[in-house]
Amino acid sequence: MTRAIVVHDVTTTDAGDHKAKATAESAGQTESSRTVWESPEGIRSGVWEVTPGSFRSARPQYHEMCQIVSGSATIEEEDGTTFDVQAGSLFITPEGWIGRWTVHETLRKVWVVIPFTALADPGRAVGS
């Protein structure tokens with residue numbers, strides 16, 4: 001029997017130990033991440049948190065859906081356009097996306113990552 005995976009409160013659940021943000025442009029910025037579920041095809045979902053500061057970000061070979069549950073940030077896309085995110089924001093960064101995040105207050109998101117290769121077999125539907 002297959003059971004659902006339930007996180008009752010993503011705003012307070014343990015997102016793991018904070019570590020230095022590898023792509024940080026701001027000294028002392030940290031992040032934590034916890035994978036909650038992963039499929040055999042590499043589709044993953046979890047909870048991520050980052051402290052204030054700025055960092056570069058890229059989506060090589062995967063798509064990511066982000067639902068912000070707390071905090072706020074401004075995201076600048078490669079062409080210079082920006083958008084603000086805060087609790088309740090939902091956005092997708094497709095494979096190949098490049099940008100910069102400026103986090104104004106500690107931000108937490110729920111994420112789903114879909115590797116481009118998971119979609120490569122047209123004879124098999126994802127989730128079937």
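Tutor: Helices (H or I, at least four residues) and strands (E, at least two) are DSSP runs, numbered from the N terminus. This is a predicted model, in which local features need pLDDT of at least 70 and side-chain atom pairs count only at pLDDT 80 or more, while totals for chains, interfaces and linings use all residues. Residues are numbered from 1 along each chain as its sequence is written, and side-chain values use heavy atoms, with hydrogens and water left out.

Student: How many helices and how many strands does the protein have?

Tutor: Read from the N terminus on, the elements run β-β-β-β-β-β-β-β. The count that goes with this order is zero helices and eight strands.

Student: What is the radius of gyration of the protein, and why does it count as compact?

Tutor: The radius of gyration is taken over C-alpha atoms, and the globule rule is 2.2 Å times the number of residues to the power 0.38. For 128 residues the rule gives 14 Å, and the protein comes close to this, so it is as compact as a globular protein of that length, with a radius of gyration of 15 Å.

Student: What does the C-alpha trace span along its principal axes, and what share of the residues counts as buried?

Tutor: Along its principal axes, the C-alpha trace of the protein spans about 45 × 35 × 25 Å. Buried means under 20% relative accessible area, exposed means over 50%, and partly exposed lies in between, with a 1.4 Å probe and protein chains only. Of the 128 residues, the share that counts as buried is 34%.

Student: Among contacts with a separation of 6 or more, what share comes from residues 24 or more positions apart?

Tutor: Contact means heavy atoms within 4.5 Å. Among the contacts in the protein with a separation of 6 or more, residues 24 or more positions apart account for 63%.

Student: Is Gln61 buried or exposed?

Tutor: Gln61 is found in the loop between strand 4 and strand 5 (62-77). Its phi is near 65 degrees, which is a positive value in a residue other than glycine. With a relative accessibility of 59%, Gln61 counts as exposed.

Student: Which residues does Ser89 touch, not counting those up to four places away in sequence?

Tutor: Ser89 lies in the loop between strand 6 and strand 7 (90-93), and at 12% relative accessibility it counts as buried. Once residues up to four places away in sequence are set aside, Ser89 touches Cys66, Gln67, Ile68 and Asp84.

Student: Where does Thr51 lie, and which residues is it in contact with beyond four places in sequence?

Tutor: Thr51 lies in the loop between strand 3 and strand 4, and it is buried, with a relative accessible area of 18%. Its C-alpha atom is separated by 19 Å from that of Leu90, 39 residues apart along the chain. Leaving aside neighbours within four places in sequence, Thr51 is in contact with His18, Gly28, Gln29, Thr30, Val103 and Thr106.

Student: What are the contacts of Thr106, leaving aside neighbours within four places in sequence?

Tutor: Thr106 lies in strand 8 (residues 98-115), where it is partly exposed, with a relative accessible area of 34%. Beyond neighbours within four places in sequence, the contacts of Thr106 are Glu49, Val50, Thr51, Pro52, Ser70 and Gly71.

Student: How far apart in space are the C-alpha atoms of His104 and Ala73?

Tutor: His104 has its place in strand 8, and it is partly exposed, with a relative accessible area of 46%. Ala73 is among its contacts beyond four places in sequence, together with Pro52, Ser72 and Thr74. Although His104 and Ala73 are 31 residues apart in sequence, their distance in space, C-alpha to C-alpha, is 5.3 Å.

Student: Is Ser39 buried or exposed?

Tutor: Ser39 is found in the loop between strand 2 (30-38) and strand 3 (44-50). With a relative accessible area of 8%, Ser39 is buried.
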